Amino acid sequence: MIPELGQFALVLSAVIALFLGAVPLAGTLRHNVVWQSLARPAALLQFVLVSFAFACLASSFLSNDFSVKYVAEHSNTLLPTAYQFAAVWGGHEGSLLLWVLMLSGWTAAVAIFSASLPLAMVARVLGVLGLVSVGFLMFILTTSNPFDRLFPMPADGRDLNPLLQDPGLVIHPPMLYMGYVGMSVTFAFAIAALLSGRLDAAWARWSRPWTVIAWAFLTFGIGLGSWWAYYELGWGGWWFWDPVENASLMPWLVGTALIHSLMVTEKRGSFKAWTVLLAIAAFSLSLLGTFLVRSGVLTSVHAFASDPSRGIFILIFLAVVVGASLTLFAWRAPAVTLGGTMGLVSRESFLLLNSVLLVVATGAVLLGTLYPLIIDALNMGKLSVGPPYFNLVFAPLMVPLLFVLVPGTVAHWREARMSEVFWRLRFVGGAALLLALVLPFVLGSWSAGTMLGVFLGMWVGLGSLQHVVERLSKPGRIGGSFWGMHLAHFGMAVLVLGITGVKSYEVERDVRMAMGDTVTIAPYTFRLVGMEDVMGPNYKALQAKVEVLKNDQVIEILYPQKRRYFSTAMAMTEAAIDTGPLRDLYVSLGDPVAGDTPSWSMRVYYKPFVPWLWAGVLFMVFGGVLAALDRRYRRNTNQQSVRTASEALSGSA
Amino acid sequence: MSLSPRQTRFALIAGGVLVLALAAAFVLNAFQNNLVFFFTPTQVLKGEAPKNKTFRIGGLVKVGSLQRDGTDVSFVVTDTAQDIPVRYSGLLPDLFKEGKGVVAQGRLDAQGLMTASEVLAKHDENYMPPEAQHALDEAAQARAAQSVKP
């Protein structure tokens with residue numbers, strides 16, 4: 001009964017979404033205020049219906065209703081309750097339902113927090129979001145219904161993939177989806193502005209907080225995915241340039257360009273066309289990511305099933321979205337006025353460089369991700385693009401980006417002097433250079449790459465610090481967006497230092513260990529002292545006991561496991577990690593090695609600065625949240641557009 | 001330095017085009033050098049695989065071929081028609097098993113032994129790496145074609 005109710009709610013929500021996508025938009029064309037005012041209640045009703053459908057599916061999971069096919073395929077009576085709930089999005093159908101839930105949630109949020117916007121704008125934005133919802137709801141109802149029944153009903157479910165039974169998984173997909181789907185709000189604002197023919201500073205101001213909060217979620221989601229891969233896949237890598245990761249990185253790169261470009265559009269009224277294109281691109285890349293990840297084109301832990309009709313549906317949807325929005329853009333773009341003039345050296349020009357570099361990086365990642373798929377689709381052979389390509393291309397693009405980041409935050413709008421900007425940054429530059437020369441020697445061996453990494457990290461970090469100190473000495477209230485910007489930039493600095501540290505000084509040893517054997521990675525010594533069987537709720541594990549010694553003192557005991565899950569007989573490596581402020585000690589257990597004495601292969605890793613990666617990501621996320629919560633976005637924005645010119649000259653971020 | 005707005009715009013556009021062209025040239029060059037092609041064991045024995053370049057092979061881990069010596073392992077990848085011996089140093093992935101699908105990336109030496117730098121077996125027990133599946137399909141097709149011949 002419950003699954004049928006859920007199904008019914010889903011169908012009803014599709015009807016409401018269609019209504020939302022049609023009536024208010026028609027109302028804006030016919031200047032019918034009543035039709036326009038129906039947008040808000042429709043958005044809220046749609047959210048209620050989708051939430052209900054989601055709750056129905058969750059309740060089927062929690063009550064072990066294996067007559068529902070999706071539940072039978074992704075759950076099991078032995079599965080702990082928290083994972084039974086997380087299993088709702090552990091497969092294709094449920095994760096799409098989560099997607100739609102997020103989308104209707106964002107739509108409802110726009111409906112609620114848009115009191116300061118003109119009614120016609122609200123009607124357009126919600127209408128566009130309604131149309132996007134229609135696309136996804138049709139996708140679920142026609143190709144991926146999570147409420148399909150299974151007959152005869154199996155006695156027990158097939159279980160959730162053990163790799164996904166992890167706290168990281170419980171929050172990674174929802175956060176990533178919040179980011180992906182959040183980009184649809186920015187997209188809706190851009191389309192609404194194009195429809196109204198008013199691409200102005202007010203539009204940029206309205207979409208900025210939404211874009212920044214979506215970006216923060218996306219950042220968090222990607223960070224969680226990386227963290228999960230690091231501790232769960234058992235071999236200590238945190239970024240693989242896997243197509244699935246690239247699929248989430250591309251919207252992030254374009255989204256980063258977008259939040260900076262939006263600032264120029266709001267403050268200076270320029271870059272309008274560019275900003276709109278970035279907004280369309282960010283959302284299209286989110287859809288492309290969904291296509292890549294969910295269609296089964298890529299086989300990975302994320303691709304649940306390959307059903308060609310699903311891939312084709314998303315591809316058509318993508319074509320419609322991109323085609324329609326670019327057509328609209330081509331139609332409206334000639335009417336877009338140019339903004340204020342900009343000098344060759346100015347904050348605008350630094351931000352333009354930021355945009356160009358980020359878009360080129362996105363293009364490079366896109367090429368490496370799609371090329372093997374296209375070649376395969378054309379039957380021209382099978383190939384893959386290795387991580388060396390991405391590293392080789394990505395790093396040189398990020399170096400100038402990080403370098404211009406600092407002058408970009410201090411240069412004046414409109415016209416700045418190069419000499420003045422760099423004179424102001426002379427101490428920061430000198431200190432960063434000094435640290436870059438000295439620190440690598442202190443930490444270990446010196447290399448040009450390490451030096452460059454330390455320099456860029458310190459340059460960005462100290463640059464932000466200096467700007468904050470300077471600002472604090474001036475009077476006046478400091479807005480959330482100023483703090484947010486510098487927190488996010490500081491996070492970037494920490495991330496760069498972390499990446500530099502782990503890449504330069506990590507030590508990885510794959511060894512064979514018998515009882516009592518030691519491995520030394522100075523100053524730490526690892527000693528295998530025990531091996532026993534332990535039972536988990538739905539698995540049995542072989543657990544090693546490894547003492548970590550420093551100066552002959554045991555400082556930590558690590559328990560890496562090799563698990564076997566009952567339902568699938570699948571083996572799983574569960575690494576044991578000791579985290580300190582400056583390093584991780586990482587041990588994972590391999591297979592037994594044949595020989596006279598029982599011994600096992602083990603991975604013993606010294607991973608310096610890995611915690612800095614996660615800290616950097618968190619700083620960026622908090623920075624984004626702070627910036628989005630800036631008070632000035634919540635002021636009545638109807639009369640704001642006139643004020644932007646005067647604010648622009650004051651040079652506040 | 002005082003430029004008219006037109007000159008400024010021209011300088012910006014020219015600079016932008018130059019940066020883009022440099023980036024594109026650089027990206028394509030790196031791309032060209034880092035493509036890793038895939039071959040089936042049959043193709044490798046026919047000599048189609050590159051000599052001094054990294055490539056991938058896929059197929060099944062031949063049953064009974066896995067040997068361990070400390071953390072050095074050796075095994076045979078088969079597409080059921082042809083076999084390629086592979087040597088690898090390091091820990092194998094969780095789902096590496098004899099009789100299951102595998103993809104190995106590395107170089108081939110003069111004796112036809114592949115030294116793998118990477119061994120991939122994917123995340124799900126029911127899942128077959130697409131490359132490995134492709135190798136098996138090719139071999140099966142070749143056999144079918146042969147049996148039809150008189």
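Eight residues of chain A form a nonpolar patch on the surface: Leu433(A), Leu434(A), Leu437(A), Val438(A), Phe441(A), Val442(A), Leu443(A) and Trp446(A). Together they have about 800 Å² of accessible area. The model is predicted. Elsewhere in chain A, four strands form an open antiparallel sheet, and helices H18 and H19 pack on that sheet.

**Surface patch**
- Leu433(A) is one of the patch residues, and helix H16 (residues 426-443) of chain A contains it.
- Leu433(A) counts as partly exposed because its relative accessibility is 43%, and the partly exposed class lies between under 20% (buried) and over 50% (exposed).

**Sheet**
- The strand order is S2-S11-S10-S9 in chain A, with antiparallel pairing.
- Strands S2 (507-514) and S9 (576-579) of chain A are the edges, and each pairs on one side only.
- From one strand to the next, the twist averages 20 degrees.

**Strand pair S10 and S11**
- Strand S10 (residues 583-593) and strand S11 (residues 599-608) of chain A run antiparallel and are joined by nine bridges.
- Pro592(A) has Trp600(A), in S11(A), as its bridge partner.

**Helices on the sheet**
- Helix H18 (residues 480-505) of chain A touches S2 and S11 of chain A. The direction of H18 makes about 135 degrees with that of S11(A).
- Helix H19 (residues 610-628) of chain A touches S9, S10 and S11 of chain A. The direction of H19 makes about 120 degrees with that of S10(A).

Technical notes:
Residues numbered from 1 in each chain as written. Chains lettered and ligands numbered in written order. Predicted model: local features only at pLDDT ≥ 70, side-chain atom pairs only at ≥ 80, totals over all residues. Heavy atoms only, no water. Pairing = 2+ DSSP bridges. Helix = DSSP H or I, 4+ residues; strand = E, 2+ residues; numbered from the N terminus. Axes fitted to C-alpha atoms, helices over the stretch in contact; angles between N-to-C directions. Contact = heavy atoms within 4.5 Å. Patch = residues over 30% accessible without salt bridge, like charges linked within 9 Å, V, L, I, M, F, W, Y side chains within 5 Å. Areas by Shrake-Rupley, 256 points an atom, 1.4 Å probe, with all protein chains shown as cover. Salt bridge = Lys/Arg side-chain N within 4 Å of Asp/Glu carboxyl O. Buried < 20%, exposed > 50% of the residue type's maximum accessible area, 1.4 Å probe, protein only.
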